[in-house]
Amino acid sequence: GQSLQKIPLYIKDKEIWVEVAKTPEERAQGLMGRRYLDKDEGMFFIFEKEDYHGFWMKNTLLPLSIAFIDREGRIIGITDMKPLTLESHLPPRPILYALEMNKGWFSAHKIRVGDVVRFSK
């Protein structure tokens with residue numbers, strides 16, 4: 001598979017390392033076919049412009065939680081997504097970014113709507 005750039009992100013006091021999906025192909029591929037995500041790893045999606053970008057779990061084997069993130073880096077929605085489903089998950093407002101982590105990761109770290117994702121400490 002392709003190897004994506006990895007960057008650190010910071011949410012509250014957590015540091016996570018994420019793969020960055022920023023081209024349409026990388027975003028469409030997402031985490032499809034993966035069998036494993038380390039506990040503090042995820043995938044960070046960057047879009048060209050803010051919009052109602054939807055996500056689905058076609059060919060995705062891992063249960064995930066997704067945070068929808070606006071242009072300011074603020075989390076505006078968090079939802080769980082079941083593996084291998086075709087339901088579309090849409091953000092409540094337009095987003096510029098999204099972050100997929102293992103299911104339950106956000107709640108386990110008490111990360112909620114309104115929290116900010118930072119690119120540096």
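Helices (H or I, at least four residues) and strands (E, at least two) are DSSP runs, numbered from the N terminus. The legends below describe a predicted model, in which local features need pLDDT of at least 70 and side-chain atom pairs count only at pLDDT 80 or more, while totals for chains, interfaces and linings use all residues. Residues are numbered from 1 along each chain as its sequence is written, and side-chain values use heavy atoms, with hydrogens and water left out.

**Figure 1. Order of the secondary structure elements.** From the N terminus on, the elements of the protein follow the order β-β-α-β-β-β-β-α-β. The secondary structure comes to two helices and seven strands.

Figure 2. The C-alpha trace spans about 30 × 30 × 25 Å along its principal axes. For 121 residues, a compact globule would have a radius of gyration near 14 Å, and the 13 Å of the protein agrees with this; the radius is taken over C-alpha atoms, and the globule rule is 2.2 Å times the number of residues to the power 0.38.

**Figure 3. The largest pocket.** The largest pocket has a volume of about 220 Å³. Among its 17 lining residues, Arg27, Ala28, Phe45, Phe55 and Trp56 are the closest to the centre. On a 1 Å grid over the protein atoms alone, a pocket is an open set of points where a 1.4 Å probe fits, with protein on both sides within 12 Å along at least five of seven lines; lining residues have an atom within 4 Å of a point. Grid points are joined across faces, edges and corners, and a volume is the space filled by probe spheres set on the points.

**Figure 4. Elements and residue classes in the pocket lining.** Helix H1 (24-29) and strand S3 (41-51) each supply at least two residues of the lining of the largest pocket. H1 gives the most, with three residues.

**Figure 5. Surroundings of Leu90.** Leu90 lies in the loop between strand S5 (75-81) and strand S6 (95-102). This residue counts as exposed because its relative accessibility is 55%. Leaving aside residues up to four places away in sequence, Leu90 touches Tyr52, His53, Gly54 and Phe68, where contact means heavy atoms within 4.5 Å. Leu90 and Trp56 are 34 residues apart in sequence, and their C-alpha atoms are 9.0 Å apart in space.

Note on methods. Buried < 20%, exposed > 50% of the residue type's maximum accessible area, 1.4 Å probe, protein only.
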